[in-house]
Amino acid sequence: ALGVNVSNIVVLAHSSALTYQVLGHAKTVLTLAIGFILFDRGLAVRRAVGVGLALAGMVSYAHVRGHQQEQHLALTRTLSAATVAV
């Protein structure tokens, strides 16, 4: 439990609350997947759709977040170059 609390603090310190939520969903999907594998329980259509939607949301978030970070880096470089030129 201590490790989980420490990792939560680290994630929140270095990212946003939304990233924390997405990681929570990823952990849930991973837990479900391991449960399906270990307990050999069939994957019902409803569960499969839910897991698929969660995965699609995480991939979409990662794509959008990466694009935002690239834009931020480009803007920072542009502003740094403009400051040096002045």
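Here are a few notes on the helices and some individual residues in this predicted model.

1. Start with the two helices. Helix 1 covers residues 2-14, and helix 2 runs over residues 17-39. Two packed helices are described by the angle between their axes and the distance between the axes. Here the axes of helix 1 and helix 2 come within 8 Å and cross at roughly 140°. That angle makes helix 1 oblique to helix 2, because the cut-off for roughly antiparallel is over 145 degrees. As for handedness, helix 1 passes helix 2 in a right-handed crossing.

2. Next, have a look at the surface. L30, I34, L38 and F39 form a nonpolar patch there, and together they have about 470 Å² of accessible area. One of these four, L38, belongs to helix 2. Is L38 buried or exposed? With a relative accessible area of 63%, L38 is exposed, since the cut-off for that label is over 50%.

3. Finally, A26, which also sits in helix 2. Its relative accessibility is 27%, so A26 counts as partly exposed; buried would need under 20%. How far apart are A26 and V49 in sequence and in space? They are separated by 23 residues along the chain, and their C-alpha atoms are 15 Å apart.

Terms used: Residues numbered from 1 in each chain as written. Predicted model: local features only at pLDDT ≥ 70, side-chain atom pairs only at ≥ 80, totals over all residues. Heavy atoms only, no water. Patch = residues over 30% accessible without salt bridge, like charges linked within 9 Å, V, L, I, M, F, W, Y side chains within 5 Å. Areas by Shrake-Rupley, 256 points an atom, 1.4 Å probe, with all protein chains shown as cover. Salt bridge = Lys/Arg side-chain N within 4 Å of Asp/Glu carboxyl O. Helix = DSSP H or I, 4+ residues; strand = E, 2+ residues; numbered from the N terminus. Buried < 20%, exposed > 50% of the residue type's maximum accessible area, 1.4 Å probe, protein only. Axes fitted to C-alpha atoms, helices over the stretch in contact; angles between N-to-C directions. Parallel < 35°, antiparallel > 145°, perpendicular 65-115°, else oblique. Left-handed = near helix turned anticlockwise from the far one by under 90°.
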